[in-house]
Amino acid sequence: MTNLSQSVASLTHSGPLKTPTPHPNEDPDAFHVRHTYALLDLCGVKGDGFVEGVERTRARVGSSRNSQMDAAQAIADVDEKKKDLDDKERAVLQALDRYGFYESGAHERLVKMPAAPLSQPLKMIAPATVDAGPAPSAFAAASKNNNAPPPPAPPSLSSLPPPQPLTKEVPRLEKWGRMVVPLTRDEGGNIETWGIREGVSEKKLKRRVYKGVPDRWRSATWVILVRRAVCKAGLGEGHPGFGGERQVEAEMKRLQAVYLEKLEQPSTYDIQIDLDVPRTIGGHVMFKTRYGFGQRALFHVLHSFSLYCDTCGYVQGMGPIASTLLLHLPPSTVYTLLCFMHSSPAYSLHSMFAPGFPGLLEAIYVQERIMQTTMPDVYAALRDKGVGTTAYATKWYITLFVTSLPFQTVLRLWDCWLLEGRDVWVILAAAVVRVFRDHIIAPGASFESILSLLSSFFVPEDEDALLTWMSKMLADTKLRQSMAEWRRTWAGLVKEGKDATALL
């Protein structure tokens, strides 16, 4: 045990600390990061979970007694946790919104998504019309015309509005309370798992999910929806659909045990994960404190998940997904759901995060086919202005829109994603393009104006209108069949080596 550990133990009266030991060939700096998080988990940090902390672990503690005592005192100020909140701390807490975000959060290019363009569904156009499309020369000529009027300015916002009031939350709480029932209990009678009451139809469940899952039921609902998807579709090749809830429950418990085991194992990604953690949802009170409870939980989940798949390892886009789950669920459950989402065909996070991001490119290909068959003028404008879909949509798919939409909207979209699967994000991407169609095809539109617009932070004018439109699109059997066929076409292009020229 290090002298620092001994000092911390004496200050916290916690006795001997169980900190990790280095593995053979483990990078010393990576072990230092892993050891630090384990140590801080035992003793906490000053203002843990609330006050923005101080970066303490980049420089190693010196060998002198004074250096070690200073570090120990900074980490474990036992008196600090007994103090009442001061006026400044109260002011900070009062400034949080209903989801725990600071009102001062800033976003570049805040743009309102009008609801009017979503009053009509997308309609697929005859192949001959699609193939012809608007004449490219017309767009090219317009873009070169110095007298062409500038494109209409998007409806920008000066600040992010507060979350929309949930006026129907109370009656929905009662309905969900009757629909969601306990499945299993532990020896003490506490509820372990939830399920949907027998007799509730898929149609009713879908309708209620799209109307909005009540906040207090969201954690239980997300686990229910993922478990249902795994029951139906299994976990990919070599893992057929599970026979029932009992098998899924057994697999969840196994993965939760694996999560704890992997915390003791080294990961080559630990240094990068440590760098990315404070940059993930920094505007939320749970993740504000450096090395506080939220950041430590996020590090542990990403550390263990980086060891789950040798192919994917860790990529930065995993952080926003894991942190969103951590706002509702404990770390071991978050790890388990991430494993399910990684391997299940319903969500296919493996293909999204594998080297080369094959799932991302597949989603972009399907999005482009939707644009080409339902909005050929938009498709032609993007093509002739040289705006590749990867330039603006990569962030959408990699982070599941966490960094592109208000948090309340993201939560509702995640409800739908966990119910419907990966097609949700392609339809949402099509909705964004549909809303700003007039700005994209305007004669004065340019590469810069289009790319800037589609890279904005979007604030829906009416969340219900957006979700209703998406529900109708995802219920369109012909469109869903076309999306499945386009995915098969993309797989063929990849196999033949023709995928490089198949995207805008």
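These legends go with a few close-up views of a predicted model.

View 1. Start with confidence: the protein chain averages a pLDDT of 84, and 82% of the residues score at least 70. Helix 21, residues 423-435, comes out highest with a mean of 97, while helix 1, residues 3-12, sits lowest at 44.

**View 2. Two stretches to take with care.** Residues 1-17 have a pLDDT below 50, though in the model this stretch still makes 32 contacts beyond near neighbours in sequence. The pLDDT is also below 50 over residues 132-143, and here there are 17 such contacts beyond near neighbours in sequence.

**View 3. Helix 13 against helix 14.** Here helix 13 (residues 293-306) packs on helix 14 (residues 318-326), with axes 10 Å apart and an angle of about 125 degrees. The two helices are therefore oblique to each other. The crossing of helix 13 past helix 14 is right-handed.

**View 4. The residues where helix 13 and helix 14 meet.** From helix 13, look for Ala297, Leu298, Val301, Leu302 and Phe305; from helix 14, their partners are Met318, Gly319, Ala322, Ser323 and Leu326. Sorted by class, this contact between helix 13 and helix 14 has eight nonpolar residues, two polar ones and no charged ones. As a handy background point, an α-helix has 3.6 residues a turn, so residues three or four places apart point the same way.

**View 5. Helix 19 and what comes just after.** Helix 19 covers residues 389-398, and its buried residues include Thr389, Tyr392, Ala393, Trp396, Tyr397 and Ile398. Just past the end of helix 19, check the backbone of leucine 400: its phi is positive, at about 55 degrees.

How values were computed. Residues numbered from 1 in each chain as written. Predicted model: local features only at pLDDT ≥ 70, side-chain atom pairs only at ≥ 80, totals over all residues. Heavy atoms only, no water. Axes fitted to C-alpha atoms, helices over the stretch in contact; angles between N-to-C directions. Helix = DSSP H or I, 4+ residues; strand = E, 2+ residues; numbered from the N terminus. Parallel < 35°, antiparallel > 145°, perpendicular 65-115°, else oblique. Left-handed = near helix turned anticlockwise from the far one by under 90°. Contact = heavy atoms within 4.5 Å. Nonpolar A, V, L, I, M, F, W, Y, C, P; charged D, E, K, R; others polar. Buried < 20%, exposed > 50% of the residue type's maximum accessible area, 1.4 Å probe, protein only. pLDDT = per-residue confidence, 0-100.
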